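My notes follow the structure.

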Amino acid sequence: WQSEGFFAYYNCIYNGVLAEYDNTGLVKHGNKFYFSPGSSDIYKDLREDDDQFENDKFLAYTKSDISFSGWAKKILDVYNDHAYAGVPFVLVSLFRDIVFKVDNNVPFLYLYGQSKAGKSKKAESIINLFFREMPAFNLNTGTDFAFANRLARFRNCPVFFNEFDDSVVKDEWFQSLKGAYDGEGRERGKGGSKRKTEIQRVNCTLILVGQYLSTKDDNSILSRSILCSFRLVPNRPESQQKAYEELKEIEKKGLSSILTELLPHRNMIETKYSQTFSDRFKIISAQLRVEKRTYEERVLRNYCSLATMVYLFKDIIEFPWTYEEYERWVMDEIHSLSMMISESDILIDFWTTISTLFDQSVIKHNREFIVQYESQVRIHQSGEPKIISFETERPILYMRIGEIQKYYAKEKRKEGGQPIDKTSLVSYLKNREYFIGRVDNKKIGGRSVSCYIFEMEGTGIDLSIDEKASYTSLDGTQTASDNESIKTNSNDDLPF
């Protein structure tokens, strides 16, 4: 897509009608001429291995007899439910610049699973709507320049990155892929000058394909993705195999003319996308709350970009599903992926380690932490005391994070792992629903210390000594839960 208002293929442009380049590679749009060097006879005598425009030529206009609706039906026949992610992702890709303006990000399509389960073929089927049999970029073998260039070269087109696995992708590339979600490109020197630089921006959408699920950097890729899990299916139905062969046959002939069926609706997308996205977000999030289903906001926003496209095109394109069916699928996926992220979160590892250290008596009740059943909690907010009240009495965890983190870090290093530092740990914990606040003078083990406060049930672990331990109330008097009497002992530990 060109900002001047046309889509540039290698061999022609589309601006409402098709216009071909002349022999020199020039085409007129409005009152200006535009030059496509890859289509110019000026370079026709270059050796094939010297052709710097080789990749451009994959983006060629080819007339196809199948419509977008017919293609979408084929995708569903071949890839089953994975079509729900792949078909609308084409629309997100074709209008990426509009989608990006809403949140300054665009989700990835992330396909993972067993070898030979069909994930690469699915990725090929998506990009073949744009490119004619363009090979994937292999994250094991490409050069730094080629990697950055693939991210920047094609505007409003999907790009296929293969072999995406945490263990093999270079860390700098992994960070670049993360940044691509927010459109962050690479800064490089310009024109051989040491003082001039330019930003090689990200203009494409990304399709990531790998065998193993990425959990690196606190599930950073997962939270940026529309996720499709693939597994081997023995003895696929004959009808599905036939549909697959038919699909691959039409892909070889070329499908890119289908884009000209969609591009005339760009003005409608520009006008309506932002408000429709906001509406879909409110409706879907409200329904998830009604159904008491877990969701992360970033995951919700990613999937809402798909739902918004389906909603806007539902009366234009004959999708192989109703919008109501699609919205239900979206909510199921949001909940499923949010739960997956939560369960593999780095904080799960932290709390699990803390529970183990408690069981081993490495950390102790009334020394590094204390658990008290309370219906009110006093916190310090901006230096001032504040009372937080609950409807019912519940176990509250007061924790000396500085002390706890030292034991946690020591244990992780002993296991050969990389512990999270204190600053990052506090930052992560503050963003969790079970975080209540901080207090500067909580009495633990006979001393007044600074603590962070959590609803213990939200952490997923149990550090209490008894079913209901004795506790100190807000007025400073000591009370006992149920009918237990208060006992004291020499080391100030809570009574068993």
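I sorted the lining of the largest cavity by residue class and got five nonpolar, three polar and two charged residues. The model is a predicted one. The residues I listed for this lining are Val99, Val102, Asp103, Asn105, Pro107, Tyr273, Phe277, Arg301, Asn302 and Ser305. I then looked up the elements: α3 (96–103), α10 and α11 each give at least two residues to the lining of the largest cavity. The space in the largest cavity is about 60 Å³. I counted three cavities of 30 Å³ or more.

Next I turned to the largest pocket, which holds about 990 Å³ of space. I found 29 residues lining the largest pocket, with Glu296, Ser342, Asn431, Arg432 and Glu433 nearest its centre. Two or more lining residues come from each of α7 (216–219), α10 (266–290), α11 (297–313), α12 (323–343), α13 (346–359) and α16 (456–459). By class, I noted twelve charged, nine polar and eight nonpolar residues in the lining of the largest pocket.

Last, I checked how α1 and α4 pack. Helix α1 covers residues 68–79 and helix α4 residues 119–127; I noted an angle of about 180° and axes 12 Å apart. Angles over 145 degrees count as roughly antiparallel, so α1 and α4 are roughly antiparallel to each other. On the α1 side I listed Trp71, Ile75 and Tyr79, which meet Lys121, Lys122, Ser125 and Ile126 of α4. The residues of this contact of α1 with α4 are four nonpolar, one polar and two charged.

Conventions. Residues numbered from 1 in each chain as written. Predicted model: local features only at pLDDT ≥ 70, side-chain atom pairs only at ≥ 80, totals over all residues. Heavy atoms only, no water. Axes fitted to C-alpha atoms, helices over the stretch in contact; angles between N-to-C directions. Helix = DSSP H or I, 4+ residues; strand = E, 2+ residues; numbered from the N terminus. Parallel < 35°, antiparallel > 145°, perpendicular 65-115°, else oblique. Contact = heavy atoms within 4.5 Å. Nonpolar A, V, L, I, M, F, W, Y, C, P; charged D, E, K, R; others polar. 1 Å grid on protein atoms, 1.4 Å probe; cavity = no way out; pocket = protein on both sides within 12 Å on 5 of 7 lines; lining within 4 Å. Points joined across faces, edges and corners; volume = space filled by probe spheres on them.
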